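Let's take a friendly walk through this model and see how its parts sit against one another. Keep the structure open beside you as you read.

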Amino acid sequence: MEPRFNLLTNELGTKISKRFANFSQVIAQSTLPKSTQELVSLRASQINGCGWCIDMHTKEAAAAGETPVRLNLVAAWRESTVFTDAERAALALAEEGTRLADAHHGVSDETWARVREHYDDDQIATLVSLVALINAANRLGVILRQQGGSYEPGIFASISS
């Protein structure tokens with residue numbers, strides 16, 4: 001399956017991509033742990049079937065020191081012992097915020113309470129924004145048929161600003 005279109009080869013697409021990269025930089029510079037950011041992005045990308053984003057967030061997490069065991073268990077985080085309670089709350093938020101059509105009530109009060117227990121207001125703002133951003137990025141990747149396998153960690157740093 002060939003990619004359909006490359007946003008970076010189009011003037012308007014490049015402007016849009018830069019805005020995504022800038023938004024991503026604000027999230028990356030927050031106090032939300034980098035490992036949590038990558039785990040959340042990876043889980044949403046797995047749910048949405050975005051191979052390019054799965055490739056990117058797996059490699060970015062590994063480059064930041066995440067272990068292969070934890071990366072391999074993200075899809076089964078509920079049945080794993082390697083995630084903290086805070087990470088579990090973030091992963092639950094990512095799943096419920098991604099599966100809006102599957103969960104007609106959106107994010108449950110129980111999940112929200114667990115998130116409030118583990119994260120401050122700035123980190124919650126970051127988590128909510130991250131879930132929204134990765135879902136948008138996943139949709140772009142799936143619609144445009146971006147393939148996983150060729151991502152190199154850090155390549156987006158050059159297109160922000």
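## Helix 1 against helix 7

Helix 1 (residues 11-28) packs against helix 7 (residues 121-143) at an angle of about 150°, and their axes are 10 Å apart. That angle makes helix 1 roughly antiparallel to helix 7. Helix 1 passes helix 7 in a left-handed crossing. On the helix 1 side the contact is made by F20, F23, S24 and I27, and on the helix 7 side by T126, S129, L130, L133, A136, A137 and L140. These contact residues divide into eight nonpolar, three polar and no charged.

Some terms need spelling out. Helices are DSSP runs of H or I with at least four residues, numbered from the N terminus. Axes are lines fitted to C-alpha atoms, for helices over the stretch in contact, and angles run from 0 to 180 degrees between N-to-C directions. Angles under 35 degrees count as roughly parallel, over 145 as roughly antiparallel, 65 to 115 as roughly perpendicular and the rest as oblique. A crossing is left-handed if the near helix is turned anticlockwise from the far one by less than a right angle, and right-handed if clockwise. Contact means heavy atoms within 4.5 Å. Ala, Val, Leu, Ile, Met, Phe, Trp, Tyr, Cys and Pro count as nonpolar, Asp, Glu, Lys and Arg as charged, and the others, Gly among them, as polar.

## About the model

This is a predicted model, in which local features need pLDDT of at least 70 and side-chain atom pairs count only at pLDDT 80 or more, while totals for chains, interfaces and linings use all residues. Residues are numbered from 1 along each chain as its sequence is written, and side-chain values use heavy atoms, with hydrogens and water left out.

## Helix 2 and its partners

Helix 2 (residues 34-48) packs with helix 3 (residues 51-63) at an angle of about 160°, their axes being 9 Å apart. Helix 2 is therefore roughly antiparallel to helix 3, and the crossing of the two is left-handed. E38, S41, L42, S45 and Q46 of helix 2 make the contact with C53, I54, H57, T58, E60 and A61 of helix 3. Here the division is four nonpolar, five polar and two charged residues.

Now look at S41, which lies in helix 2. Is S41 buried or exposed? S41 counts as buried, at 3% relative accessibility (buried means under 20% relative accessible area, exposed over 50%, partly exposed in between, with a 1.4 Å probe and protein chains only). Leaving aside neighbours within four places in sequence, S41 is in contact with H57, L130 and I134.

The axes of helix 2 and helix 5 come within 9 Å and cross at roughly 35°, in a right-handed crossing. From helix 2, the residues S35, T36, L39, V40, R43, A44, I47 and N48 meet E87, A90, L91, A94, E95 and T98 in helix 5. This contact of helix 2 with helix 5 holds seven nonpolar, four polar and three charged residues.

## Salt bridges

Side chains of opposite charge can pair when their charged atoms come close. How many salt bridges does a search of the whole structure find? The search finds nine (a salt bridge is a side-chain nitrogen of Lys or Arg within 4 Å of a carboxyl oxygen of Asp or Glu). One joins E38 and K34, at 2.7 Å from N to O. E38 and K34 are four residues apart in helix 2, so about one helical turn separates them. E38 is buried, at 6% relative accessible area, whereas K34 is partly exposed, at 36%.

Another salt bridge pairs E66 with R70, at 2.4 Å from N to O. E66 is buried at 12%, and R70 is buried at 13%. D121 forms a salt bridge with R116, with the closest N and O atoms 2.8 Å apart. D121 is exposed at 52%, and R116 is partly exposed at 42%. R43, R78, E95 and R99 are linked in a network of salt bridges.

A101 is exposed, with a relative accessible area of 79%. The C-alpha atoms of A101 and A136 are separated by 15 Å, and these residues are 35 apart along the chain.

Finish with R145, in the segment after helix 7. Phi of R145 is near 60°, a positive value in a residue other than glycine. R145 is partly exposed, with a relative accessible area of 29%.
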